[in-house]
Amino acid sequence: MSFTLAIVGRPNVGKSTLFNRLVGKKLALVDDQPGVTRDLREGPARLGDLRFTVIDTAGLEEATDESLQGRMRRLTERAVEMADVCLFMYDARTGIMPADEVFADILRKKNANVILAANKSEGKAADAGVIEGFNLGLGEPIRLSAEHGEGLGEMYDVLMPLS
Ligand code: GDP
Ligand code: MG
C-alpha cells in the first residue's frame with residue numbers, strides 16, 4: 001500500500017526544494033523569488049525504501065484577481081483533500097510568522113493528518129525557530145534541511161508506518 005504526501009506551507013519555506021529532493025527531478029520550479037511555482041505538482045517520491053506520491057503546493061501566480069492568501073488557501077485545501085498525510089513546513093530561520101498560523105488553521109479545520117517540519121534548520125541559528133514550532137499545537141517538529149538533505153532519517157521514521 002502506498003500513500004500520498006502533500007507538502008504545504010507559506011511561500012519560500014522550501015517546499016519545492018524538498019519535493020525535488022524526494023522526486024529526484026526538477027519537476028517543481030525552485031526559485032529565490034518566493035512562490036514562483038504555479039499550481040499543484042505531483043510526482044513519484046522515494047525516501048530510502050519508501051515509495052509514495054508527493055504533492056507540491058505552489059505559491060503565487062502572475063496577475064490574477066485572487067489574493068495570494070486566497071490562492072494559497074484554496075490550493076492547500078485541495079492538496080489536503082488529495083493527500084493521506086500533510087507535511088506542514090515552516091522556516092526555522094524566521095520562526096513562526098502570522099502566515100504560518102493561517103496554514104495551521106486550515107490543517108486543523110480540515111482535520112488533516114499533519115507532520116510538522118522545521119526547514120532551513122541547518123546550523124545553530126535555527127534553534128530558536130525550531131522550538132517556536134511547538135506553539136502551533138501540531139506536535140513536535142522534525143528538524144529538516146531540504147537543501148542539505150538533513151532530517152530525512154526522521155522523516156523516514158514518521159512516514160514508514162504509513163506505507
Ligand atoms: P517554496 O516557495 O516553499 O517552494 O520554497 P523553495 O523550495 O522555492 O525555496 C525557497 C528558497 O529557500 C530557495 O532559495 C531555496 O534554495 C531555499 N531553501 C530551501 N530549503 C532550504 C534549506 O534547507 N536551508 C536553506 N538555508 N535554504 C533553503
Ligand atoms: Mg515552490
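Which strand is aspartate 91 found in? Select residues 85-91: this is strand S4, and aspartate 91 belongs to it. Before going further, note that the model is predicted.

**Confidence**

Colour the chain by pLDDT. The average for the protein is 88, and 88% of the residues score at least 70. The model scores are ipTM 0.99 and pTM 0.91. Now select residues 30-37, where pLDDT stays under 50. For residues 30-37 the model has 20 contacts beyond four places in sequence.

**Aspartate 91**

Return to aspartate 91 and show its surroundings. Leaving out residues up to four places away in sequence, aspartate 91 touches Arg10, Asn12, Val13, Asn119 and Lys120. With lysine 120 there is a side-chain to side-chain polar contact of 3.4 Å. Aspartate 91 has a relative accessible area of 5%, so it is buried.

**Helix H1**

Select residues 15-23, helix H1. Seven of its nine residues are buried, so the helix is largely enclosed by the rest of the structure. To see which ones, pick Lys15, Ser16, Leu18, Phe19, Asn20, Leu22 and Val23. These buried residues pack against strand S1 (4-8), strand S2 (40-47), strand S3 (50-57), S4 and helix H5 (152-159). Step just past the end of H1 to glycine 24, which has a positive phi of about 80°.

**Aspartate 56**

Is aspartate 56 buried or exposed? Its relative accessibility is 1%, so it counts as buried. For a distance check, pick the C-alpha atoms of aspartate 56 and valine 13: they are separated by 12 Å, and the two residues are 43 apart along the chain.

**The aromatic pair**

How many aromatic pairs does the structure hold? It holds one. Select phenylalanine 3 and phenylalanine 52, whose rings are stacked at 4.8 Å centre to centre with 10° between the planes. The pair links distant parts of the chain, since phenylalanine 3 is in the segment before S1 and phenylalanine 52 is in strand S3, 49 residues apart. Phenylalanine 3 counts as buried at 3% relative accessibility, and phenylalanine 52 counts as buried at 3%.

**Salt bridges**

The salt bridges come to six. Start with lysine 110 and glutamate 81, whose closest N and O atoms are 2.4 Å apart. This pair links distant parts of the chain: lysine 110 is in the loop between helix H3 (98-109) and strand S5 (114-119), while glutamate 81 is in helix H2 (residues 68-82), 29 residues apart. Lysine 110 is partly exposed at 32% relative accessibility, whereas glutamate 81 is exposed at 54%.

Next, select lysine 109 and aspartate 105, a salt bridge with its closest N and O atoms 2.9 Å apart. Both residues lie in helix H3, four residues apart, or about one turn of the helix. An α-helix has 3.6 residues a turn, so residues three or four places apart point the same way. Lysine 109 counts as exposed at 67% relative accessibility, and aspartate 105 as partly exposed at 31%.

Finish at arginine 143 and aspartate 127, whose side chains form a salt bridge of 2.8 Å, N to O. Arginine 143 is in strand S6 (residues 142-143) and aspartate 127 is in helix H4 (residues 127-132), 16 residues apart. Arginine 143 is partly exposed at 34% relative accessibility, and aspartate 127 is partly exposed at 28%.

Notes
Residues numbered from 1 in each chain as written. Chains lettered and ligands numbered in written order. Heavy atoms only, no water. pLDDT = per-residue confidence, 0-100. Contact = heavy atoms within 4.5 Å. Helix = DSSP H or I, 4+ residues; strand = E, 2+ residues; numbered from the N terminus. Buried < 20%, exposed > 50% of the residue type's maximum accessible area, 1.4 Å probe, protein only. Polar contact = N/O pair within 3.5 Å; in protein donor to acceptor, adjacent residues only side chain to side chain. Phe/Tyr/Trp six-rings, centres within 6.5 Å; stacked < 30°, edge-to-face > 60°. Salt bridge = Lys/Arg side-chain N within 4 Å of Asp/Glu carboxyl O.
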